[in-house]
Amino acid sequence: MEYLKDECYTPKWIFDALGVTFDLDVASSNHHLISVPAKQKYTIEDDALSKPWFGKIWMNPPFSKITPWVEKFLEHNNGIGLAPLSSNGKWVNKLWDSEVAFCYLPSNLVFNGASGDIVKMRWRTTLFAAGYENIEALKNVGRVR
């Protein structure tokens, strides 16, 4: 299945550092390795892009088709997301030209894959945030632009 290549779970230490409880994880899974502190979640079966987003959201979208996720994130304007900002996609410019704040994650960041394996990204990943409280939370992780 195509989406299994996108199943990389954000390390728990990131959520511990952020200190945020999210209202909704918009790109989640029912996998036991998910550690997102969210009250509700949308999985691939829910089709989050067709559903309303509410409250403070967490977004670690499928990197293979990230553009519509970034666009919806910018429309929602309240949450924290994770993406490979070193991409050349047009969505990077949309994020960069917006009011979101950015915080690079360590270059040696690893994720857990769906099979429990360690996944090293080819790209430098970045947290980005919209909304005052979310931007303040980024400061707990590193330098914010």
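Which residues does Thr126 touch, not counting residues up to four places away in sequence? I opened the notebook with that one, keeping in mind that this is a predicted model.

**Entry 1: Thr126.** I looked up the contacts and found Gly81, Leu82, Ala83 and Leu85 on the list. Phe102, Cys103, Tyr104 and Leu105 are on it too. Then came the accessibility. Thr126 has a relative accessible area of 1%, so I noted it as buried, the cut-off being under 20%.

**Entry 2: the elements.** I went through the secondary structure and got four helices and nine strands. Reading from the N terminus, I wrote down the order β-α-β-β-β-α-β-α-β-β-β-β-α.

**Entry 3: overall dimensions.** I wanted to know how the radius of gyration fits the chain length. For 145 residues, a compact globule would come out near 15 Å, and the protein has 14 Å, which agrees. Along the principal axes, the C-alpha atoms fill a box of roughly 35 × 35 × 30 Å.

**Entry 4: burial and contacts.** I found that 43% of the 145 residues count as buried. I also looked at contacts between residues at least 6 apart in sequence, and 55% of these join residues at least 24 apart.

**Entry 5: surface and charge.** The protein exposes about 7,900 Å², and I noted that carbon and sulfur atoms supply 49% of that area. Last, I turned to the charges: there are 16 positive and 16 negative ones, and their mean positions lie 5 Å apart.

Definitions and conventions: Residues numbered from 1 in each chain as written. Predicted model: local features only at pLDDT ≥ 70, side-chain atom pairs only at ≥ 80, totals over all residues. Heavy atoms only, no water. Helix = DSSP H or I, 4+ residues; strand = E, 2+ residues; numbered from the N terminus. Rg over C-alpha atoms; globule rule 2.2 N^0.38 Å. Buried < 20%, exposed > 50% of the residue type's maximum accessible area, 1.4 Å probe, protein only. Contact = heavy atoms within 4.5 Å. Areas by Shrake-Rupley, 256 points an atom, 1.4 Å probe, with all protein chains shown as cover. Lys, Arg positive; Asp, Glu negative; His and termini not counted. Charge placed at Lys NZ, Arg CZ, Asp CG, Glu CD.
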